[in-house]
Amino acid sequence: METTSILPLLILISSLIPGTLIMLLREDQVPLRTFLNLLGAVAKVGLVGWVFAGYMRGEEYSFIFNLALDLTFALRVDQLGLFFAALSSVLWLVTTLYAIGYLEGGQHRRRFFAFFSFCVTASTGIALSGNVVTFFIFYEFLTLSTYPLVVHRGTDKAVEAGRTYLWYTIGGGTVLFLGVVGLFVTAGPIYFGQTEIIEGLISTHSTQLTILFFIMLTGLAVKAAIFPLHGWLPVSMVAPAPVSALLHAVAVVKAGAFGIVRLVYDVYGIRIADQMNLLTPLAIFAAFTIVYGSVRALFQDDFKKRLAFSTVSQLSYIALGVAIVGFLSTTGAVVHLVHQGIMKITMFFAAGNIAETYGYSKISQLNGIGRRMPLTMGAFTIAVFGMIGLPPVAGFVSKWYLGLGAVEAGSYWVVLVLLASSALNAAYFLPIVYRAWFCEPDQEAVPLLSSGRLETKALLLIPVVVTGLLSLAAGVFAAVAGSPLSIAREIAEKLYMP
Amino acid sequence: METYQIYNLTSAVLFVIGIGGVFAARHFIRKIIATIIMGGGVFLSFVSFAERDALTFADPVPHALVITGIVVAVASAAFALALARRIYQLTGEESFTNDK
Amino acid sequence: MTDLPTSPFPAFLVGLPVLLATLSLFFRARGKAVVGLAGSLLTGVMALFALFEVTRRGTVIHILGGWEPPLGILLRMDPLAAVFIGMTAVVGIFISLYAWRYFRAQEATTGGFPLFWPLWLFLWAGLNGLFLSNDLFNLFVTLEVIGISAVALAVLSGKKTALVAGLRYLLVAITGSMAYLFGVALIYGSTGTLDLGLLGQVLEPGTTTTFALLVITLGLMIKMAGFPFHFWLPPAHSSALAPVSALLSALVVKGAFYILLRLWMEVFGVSLTYAAGQLIGLAGAIAVIWGSWQAFMQTSLKLIVAHSSVAQLGYLLMIFPLLILAPGVTADSADWLSPAWTAGVYQVIAHAFAKASFFLSAGIIIMALGHDRIESLRDLVGHMRITALAIAIAGVSLIGLPPSGGFMAKWMLLKGIFLSGQWWWAPVVLTGSLLTAGYVFMLLRLAFAPAREKEAFRPVPRSLEVCALVLALGSFLIVLPADNLIQFLQSGEVFGTGIESIMEGGAHGND
Amino acid sequence: MIWFLTIVLPLLAAILAASLPAGRRWTGLIFVSATMPALWLGLVEVSGVSAQWFLLEGHFSLDTPRRIILLLTGILWAAAGLFTGSYLKDDARRGEFSFYFGAAMAGNFGLLISAEVASFYTFFALMTFSSYGLVIHTRTPSARQAARIYVVMAIIGELFLITALYLAVQSSGSMLLADIPPALAEAPNGPFIFLLGLIGFGVKVGAIPLYFWLPLAHPAAPAPASAVLSGAMIKAGLVGWMHLAPVGLVEWSSMSLLMVSLGFAAALGAAIYGLTQVDPKTNLAYSSISQMGVMTVLLGIGLYGGIPAGLLLPAIALYAFNHGTAKALLFMGTALPAKIGGSWRILMWAGLGIGVLAIAGGPLTGGLWTKYLVKTFLGESSLPGAKTFLLLLTLSAVTTTLLLSRFLHLLHKIKAPSGNVSPAFLLPWVLLLLAGGWWTMSPALLPTELMSYITKEKGIMAFFWNLFTNWSALWPITTGAIVMAFTLKFAFFNRWPAKKPLLPPGDFLHIIIMLGNLFAKLLQKAISLLDSGMKSLQGPEKIFYRLSDDKRTSQISASAESLLRRWEFAGIGFFIFFLTLFLLLR
């Protein structure tokens with residue numbers, strides 16, 4: 001179809017090779033490992049940027065390799081994919097920095113960083129995959145590459161969590177496998193964006209297509225943590241902070257959400273999906289998940305658990321936005337992919353910093369932490385306001401579009417759901433902020449790691465500040481060309497072009 | 001009824017006896033003998049096919065096959081016996097215990 | 001038949017191992033090992049050359065000593081055979097390297113099992129012969145050669161359990177081959193020929209043929225441990241020495257499958273029925289579920305792997321219902337045949353690589369721990385990360401996660417299932433891979449878990465771990481040439497005659 | 001440029017002042033200078049700008065009413081800032097205070113100058129949430145409780161607000177605030193949307209029934225903070241209303257009646273309830289509620305139709321201006337009596353008196369002028385029962401006088417320090433007093449058509465020296481003052497609560513809390529039930545674990561396998577298979 005190009009492959013390789021090399025290094029070769037890591041991360045960001053620029057110039061990048069019969073491995077660059085790729089590559093860079101600081105002197109760092117790189121390879125692969133099969137391949141690869149990260153601590157708890165994580169994700173993967181093969185058989189090898197194929201089959205195969213849609217949706221819903229299938233997410237909190245940050249902000253959960261976006265927009269096509277009214281169940285489940293996650297979050301005293309449940313609820317915004325037909329809600333959904341990512345990763349960084357610096361993991365211990373770690377908690381507070389949906393933080397923008405979209409589509413109950421979620425978000429996040437800033441510390445805590453004049457290690461501090469500022473900037477400069485919002489708008493416009 | 005049909009039936013019967021023996025018999029030696037009986041049946045049927053149609057001379061191929069077959073069968077039977085003996089020397093068992 | 005190009009390779013492939021094996025018998029222990037290793041490397045290289053030859057010139061034949069069939073022996077190397085031979089070669093080479101190091105490491109205590117080498121070379125010769133031979137009786141002979149040398153290898157350790165399992169194995173093998181031979185006799189009686197190609201054309205449906213088909217099928221099912229007859233496999237495979245178990249489950253069982261496939265597709269097409277195919281499929285399905293579940297329930301590593309072999313062979317049986325068409329369906333309209341074929345071939349190859357690697361890793365672990373109870377695999381990742389990685393990769397291929405050979409197999413199998421509309425097999429496939437995931441990740445979970453009591457991991461030679469890892473990786477790499485491989489297979493007549501006979505079989509089916 | 005400075009300078013000031021080491025007095029100057037752009041914009045007409053890059057494309061511009069209020073806000077923040085500099089210079093948390101102070105200032109200015117929904121909402125939120133820091137500043141339990149209630153109410157308000165904005169923007173199809181009132185006038189669900197907005201902003205305005213956080217929150221803050229809270233920020237809600245209300249475009253009689261009656265209820269009720277309080281600041285808070293009630297009335301009249309927005313809104317703004325300055329003066333004044341002594345007190349009392357008069361609408365004050373405006377509009381509108389409302393208005397003047405004289409009396413009871421001392425923050429107070437000189441001349445702010453509309457051909461001065469108007473304004477006040485003096489004079493009538501308030505501040509909030517406590521048990525039970533229920537619905541994996549980890553399962557499967565291992569069974573299998581296959585092949 002298009003002129004084949006090696007660039008998409010390079011984007012993957014830029015993290016695959018470092019991962020492999022790190023695997024081969026010795027545990028004590030820290031500087032070389034760090035160098036490789038950063039090299040890969042920077043290279044990836046650079047490549048994505050390069051491809052982005054090229055794409056903006058209207059160039060087509062695609063890499064197609066025929067596996068067997070009509071089973072093809074295809075990497076193709078489109079706007080949505082680039083959007084997600086950019087997100088993961090940038091956040092990978094940040095998280096790598098963070099992880100280097102976080103795991104300083106930890107165990108099995110070689111293994112950790114290797115699989116960390118694989119994990120990001122997988123998520124960029126998901127972003128750039130050009131057809132359903134390739135998407136599935138990377139989807140499973142992601143599952144495998146994250147497992148060692150989840151159990152990295154090696155404690156029995158971690159291992160148990162890993163078990164649950166695998167049962168869910170592998171189960172979901174198997175279901176997805178069924179769906180993908182079914183789709184392949186019914187509609188042939190579908191490249192993303194070729195919605196006309198389904199459109200052509202709709203008259204003859206509507207039943208099969210409906211069934212397949214829901215099968216695949218179930219498979220994706222596992223990673224997207226939609227209600228009955230979210231169980232793995234809070235459990236896998238035992239992972240080290242960088243992992244949970246990446247898991248919950250970018251890699252895994254986003255893979256699911258992104259998959260749903262792809263499925264609805266680029267495989268079935270929004271019009272068809274709407275005609276066959278496939279979207280209503282999705283909307284209902286997503287809405288329920290939003291409320292459910294928030295309610296569960298209210299009762300968690302464990303900091304990361306609370307964040308995890310809030311992720312459960314926040315993620316479904318994307319699904320909800322997808323499920324509502326309309327330019328505005330689509331924009332909201334797509335932009336929330338990024339916004340939720342940067343905000344949530346900020347929160348996890350903050351949680352990690354506190355745990356790493358003072359050893360606090362319970363919310364009830366956080367009294368007056370803001371006085372001790374102003375920058376960290378400042379960033380955290382920004383993210384909180386974003387999550388509640390208060391301007392000028394990124395979250396406001398997504399919520400604004402989702403709400404307008406819901407009103408536009410005339411589904412007012414969605415607005416109610418959004419409001420309820422905002423209220424609940426406030427209810428479980430503001431107490432943290434309150435404790436941090438307005439409560440007196442009950443006991444005089446001593447920092448675990450002495451860090452000179454900084455409140456904690458520089459490598460822990462920089463990422464959280466950066467992502468915090470990012471999530472602020474994404475809101476304040478939302479209207480600037482090149483901002484997440486503007487890109488999301490373009491994507492949505494393309495989708496709704498007659 | 002023609003001669004070779006009798007041979008055939010006999011061979012079939014032998015084969016069934018043999019296979020039944022393999023599964024039913026407990027003692028190693030019995031099992032081994034059962035396999036030999038099976039073999040006997042099979043070879044008999046081969047030989048019987050040698051004068052299937054009104055040829056002036058017997059079809060040589062089956063004989064060649066049967067000889068080869070017998071050699072193989074004898075070899076494996078001998079091997080089986082050796083194994084059985086070794087097991088008996090080691091453990092004194094003469095039959096398979098049901099588990100494992 | 002004789003118009004095909006002739007080439008000396010087939011003769012070498014059979015003769016060379018036999019020669020070397022016999023030669024090695026004249027040496028002392030260490031000499032045996034040296035000759036054996038050299039021989040296996042030589043044979044492997046030879047086999048790869050042969051494969052290359054076939055890719056270049058298509059199907060080649062060799063008539064031993066110029067004696068034409070029926071009395072003489074004709075070796076026929078078509079793409080399918082070539083692929084199997086190539087697989088045997090690659091897996092064999094690495095297992096030989098492993099065995100060499102493995103036995104060297106234990107020489108002091110066990111004497112290094114010098115007899116392994118001649119036996120293994122005989123086995124290899126038998127396998128090559130089986131893949132190459134073109135008439136029913138040679139198949140029988142090769143089966144016997146394989147069977148006997150396999151049993152001899154299985155009991156090599158001389159342990160009690162091994163001996164018992166070996167005897168059981170041997171009795172089953174004899175029974176199976178006798179049943180097979182009985183079928184051969186019947187066929188020869190009814191047709192007067194043993195040549196596969198010829199039989200495909202002259203065989204007519206009838207009671208004799210049916211009985212022949214019955215006994216042959218059953219005999220081979222027994223030999224390949226198809227569901228009701230899997231009872232001999234787990235003990236035999238689990239009690240053998242590590243390299244031997246690898247050989248047995250990676251290669252030996254595939255021989256019987258190969259014959260079954262060829263006979264059903266090329267010879268017995270006329271008397272097959274759709275329902276019969278369904279029955280075989282059912283047996284396979286039960287094997288998949290039961291074997292995986294058993295593996296999931298085991299507590300010692302080698303037993304897990306052995307039971308998983310049962311399951312994986314079940315997948316092989318599951319392609320039969322797809323290859324036999326329902327009445328009224330013509331091969332041209334049956335677009336699921338090539339996926340089904342690919343599934344079968346890929347299942348064979350991927351399983352060979354993965355399972356070999358798995359057993360080799362098990363051997364390493366036994367070497368390090370002295371036993372293979374899985375609860376002492378705790379913190380394996382900490383001590384032997386390469387082995388852990390090998391187990392993980394091989395396991396992933398067994399589960400069928402992308403982009404492994406197992407994935408290719410499962411994908412094609414599911415695709416065939418859907419295309420043929422026999423959707424009822426799909427749940428089996430998925431449940432099978434879920435259960436497989438169950439036991440594979442049970443191992444990984446333990447591998448990552450913290451060590452309870454300090455298990456003494458004795459150091460093991462790095463080269464062993466590398467062998468296992470390479471084989472595991474192999475089960476992924478085989479996906480890359482998939483396209484060429486499939487085209488290569490489709491170029492051979494095996495598809496042609498196969499599908500022809502299937503068509504007729506479908507036409508006559510259920511009457 | 002100046003538009004951005006208006007917002008950016010306060011933020012910078014916040015950070016700068018927050019980072020100042022203790023004991024420096026520059027804080028005040030910093031804040032004053034930060035208000036300069038706002039003051040400038042308030043005085044001089046500057047054409048609006050649009051910032052494509054800001055949020056969802058920001059637009060900044062001003063119209064007359066908002067300019068008036070911006071000017072007011074500027075003055076108040078300047079005064080309060082200066083006041084803070086010296087008032088809190090020894091406070092432990094002065095840094096934090098200045099931070100929230102500056103942030104709130106930025107928000108307050110920003111929401112006034114922003115002309116489109118997103119940025120308006122942004123700055124509204126910024127102001128709301130940073131003033132939380134001001135309310136909780138003292139960290140006393142009462143302050144904490146006040147702050148909690150404040151933030152809860154604020155969030156509820158925000159929710160209603162955002163809903164209203166969603167719907168409004170959807171119906172108007174543009175983000176510009178200016179397009180909303182016409183759209184609402186057209187839209188079938190216009191009244192509903194407006195009602196949502198009414199509630200949303202009503203929280204900030206302290207309208208009945210959403211005001212009860214106010215008497216707790218405003219007094220809880222330090223004097224300067226309460227001054228801006230009650231003088232400036234409270235007006236933000238009013239501005240919000242003015243943005244939504246389609247004044248002069250519609251005849252929503254029921255809506256208008258609702259607002260008017262609620263307004264009067266507030267104007268009278270709050271004043272009377274305020275009398276029962278003993279804390280001067282609480283008094284003032286209640287008086288704020290009642291004054292806002294009057295403004296609610298004005299807007300309500302507007303919704304009945306007949307009066308053009310161009311006339312009404314500036315009038316409301318003017319009223320807000322007058323009330324704001326005076327109220328800020330009084331609030332800051334509460335800090336004086338304890339610190340000021342000797343002849344300085346005369347100045348203090350004079351200033352306070354003027355402030356009280358201004359609010360009560362005494363002669364020669366802006367209060368007179370604004371009250372008169374209300375009268376005229378009320379008289380002109382065809383609102384049913386306008387006469388009664390006029391009466392009520394007069395009555396409210398009386399009650400207000402009572403309330404504020406009571407306030408003065410409460411201040412009077414605070415014993416003065418000996419000697420001729422004056423605190424440093426007297427200066428900003430006096431400045432504010434002088435700036436309040438505006439309020440006599442405040443009509444100059446008004447658009448000429450409104451001027452001529454009210455003062456007819458006679459000039460403004462003529463209006464001020466008009467005896468009739470002065471008298472009509474004076475008698476309610478004097479009545480009120482006399483009553484107060486009387487009750488204080490004769491011990492028999494002096495039933496004023498001295499120590500603790502007759503009724504608790506934040507009146508029916510306590511009823512709510514009481515009910516809450518009643519149902520707390522049930523509620524907690526329900527919630528815990530919910531939680532446990534949710535915990536109990538565990539994932540599918542648990543069931544599988546139970547199955548797979550069970551001993552019996554493994555035993556059963558093991559025995560089954562060993563059964564299959566027996567030769568006999570293999571044989572049986574063989575024959576069964578044989579027969580089936582045989583049958584299938586036939």
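**One residue, then the chains**

Modeller: Start with Ile354(A). Beyond its neighbours within four places in sequence, Ile354(A) is in contact with Tyr360(A), Ile369(A), Met373(A) and Thr376(A). Keep in mind that this is a predicted model.

Colleague: Noted. Which helix does Ile354(A) lie in?

Modeller: Helix H14 of chain A, which covers residues 327-358.

Colleague: Is Ile354(A) buried or exposed?

Modeller: Buried. Ile354(A) has 24 other C-beta atoms within 10 Å. The cut-off for buried is 20 or more, so Ile354(A) qualifies.

Colleague: And how far apart in space are Ile354(A) and Leu366(A)?

Modeller: Their C-alpha atoms are 8.7 Å apart. In sequence, 12 residues separate the two positions.

Colleague: Switching to chains. Which pair shares the most contacts?

Modeller: Chains B and C. There are 5 pairs of chains in contact, and that pair comes out on top.

Colleague: What about chain A and chain B: how far apart are their closest C-alpha atoms?

Modeller: 31 Å. No contact joins chain A and chain B.

Colleague: Then chain D against chain B. How many residues are in contact there?

Modeller: On the chain D side, 8 residues; on the chain B side, 5. Two helices of chain D, H24 (551-565) and H25 (567-585), each supply at least two residues of the side touching chain B. H25(D) gives the largest share, 5 residues.

Colleague: What's the make-up of that side by class?

Modeller: The side of chain D that touches chain B has 3 nonpolar, 2 polar and 3 charged residues.

Colleague: Which domains does the assignment give for chain D?

Modeller: Domain 1 is 2-413 + 420-506, and domain 2 is 547-586. Over C-alpha atoms, the centres of domain 1 and domain 2 of chain D are 87 Å apart.

Colleague: Now chain C. How many helices and strands?

Modeller: Chain C has 21 helices and 2 strands.

Colleague: Why call chain C as compact as a globular protein of its length?

Modeller: Because its radius of gyration is 22 Å, close to the 24 Å that the globule rule gives for 511 residues.

Colleague: What does the C-alpha trace of chain C span along its principal axes?

Modeller: About 65 × 55 × 40 Å.

Colleague: What share of chain C is buried?

Modeller: 70% of its 511 residues.

Colleague: Last one. Of contacts in chain C between residues at least 6 apart in sequence, what share joins residues at least 24 apart?

Modeller: 81% of them.

Conventions
Residues numbered from 1 in each chain as written. Chains lettered and ligands numbered in written order. Predicted model: local features only at pLDDT ≥ 70, side-chain atom pairs only at ≥ 80, totals over all residues. Helix = DSSP H or I, 4+ residues; strand = E, 2+ residues; numbered from the N terminus. Buried ≥ 20, exposed ≤ 12 C-beta atoms within 10 Å, placed from the backbone. Contact = placed C-beta atoms within 7 Å. Domains from an automatic or database assignment. Nonpolar A, V, L, I, M, F, W, Y, C, P; charged D, E, K, R; others polar. Rg over C-alpha atoms; globule rule 2.2 N^0.38 Å.
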